[in-house]
Amino acid sequence: MNNLPTLKIKDGFLGQTMVVLSTDQKEKVKLHPFSNNLFLDAIGYFPNAKHHNCSRKNGIKEYIFLYCIEGEGWIKINKKTINLKPNTGFIIPKNTAHQYGSSLKEAWSIYWIHFDGNYAQTFYKRFSVSGNGSVNIAFDESRIILLNEIINLLENDFTDEKMELIHFRLLTFFSSLCYSNTSDNPIEDKISHSIIFMKTHLNQVLTVNELANQAFYSVSRYSELFKHKTAYSPIQFFIRLKIQKACEYLKFTNLNIKEICKEVGFDDPYYFSRMFKKQIGLSPMQYKKTHN
């Protein structure tokens, strides 16, 4: 049996590339421990796709990612019309009726991916969090390189190694879309700086008031932002950092429990032991015996 994905090129779109997995190949990726989390069913690039038009009354079983890099086009979904312009994208959810096509005046050039897997819904939600319209995608040549690399990998063979590599390339691509602004958020940066402050003051007892003042927020606002970022309250997180540091001392030093308590800002060794066992599942001494 031919182990290569089906490569299709239609007349009319000069330079068009489209790769579609066979039924056997789709079953293979669904059973793989890596790629079942995120895999593609088909991928393509349609340059200057004049008169490109697609209509599906019931949608398809995968998510459809459309990425316009030149020209313009449109998507009709849920009784709305969404316009795609250069450096914008949209994900059509699975099993959802839709139509899409290129502008007659400015034919679009698009990359498109049909994808699914355990991570697919999360990427869909993260990418579409801003609303029901198209999403701006800051141009980054590395994304285009990734997409072309995925297409090239699929055109050659479909060994386990290539399948795994395609999965990781796809994961990198969608991560770059969905989390590109996370580190640039000034609010996130303030909380990140607060965490750094905690790490440099593990030997102290800090209150939430002191932490909030250090971050220039009210206690309520600081606590809200901190929990949104970490899923923990500031003090819970601070204690977790202390216990993690205590694990390092237990594993890599000969300090006794009383000395370690001082290093991580606990006045009461009994309270420290309780917090340690609650987080790690072992007492400090049991942990030391297990990891030495």
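Author: A residue is called buried if its relative accessible area is under 20%, exposed if over 50%, and partly exposed in between, using a 1.4 Å probe and protein chains only. The model is predicted, so local features need pLDDT of at least 70 and side-chain atom pairs count only at pLDDT 80 or more, while totals for chains, interfaces and linings use all residues. Residues are numbered from 1 along each chain as its sequence is written, and side-chain values use heavy atoms, with hydrogens and water left out.

A search of the whole structure gives 21 aromatic pairs. Rings of Phe, Tyr and Trp (its six-membered ring) form a pair if their centres lie within 6.5 Å; planes under 30 degrees apart are stacked, over 60 edge-to-face, and the rest tilted. Phenylalanine 65 and tyrosine 67 make a tilted pair, with 6.1 Å from centre to centre and 35 degrees between the planes. Both phenylalanine 65 and tyrosine 67 are buried. Phenylalanine 123 and phenylalanine 174 also form a tilted pair, at 5.7 Å centre to centre and 35 degrees between the planes. This pair links distant parts of the chain, for phenylalanine 123 belongs to helix H2 (residues 120–127) and phenylalanine 174 to helix H4 (residues 160–178), 51 residues apart. Helices (H or I, at least four residues) and strands (E, at least two) are DSSP runs, numbered from the N terminus.

The surroundings are described by the nonpolar core, a set of buried Ala, Val, Leu, Ile, Met, Phe, Trp, Tyr and Cys residues joined through side-chain atoms within 4.5 Å. The largest such core has 36 residues, and Phe65, Ile113 and Phe174 have the most contacts inside it. Among the elements that give two or more residues to this core are strand S5 (63–70), strand S10 (109–116), H2 and H4. Contact means heavy atoms within 4.5 Å. Not counting residues up to four places away in sequence, isoleucine 113 touches, among others, Tyr63, Phe65, Phe173 and Phe174. A second, separate core of 19 residues includes Met18, Ala42, Ile64 and Ile82.

For the chain as a whole, 43% of the 292 residues count as buried.
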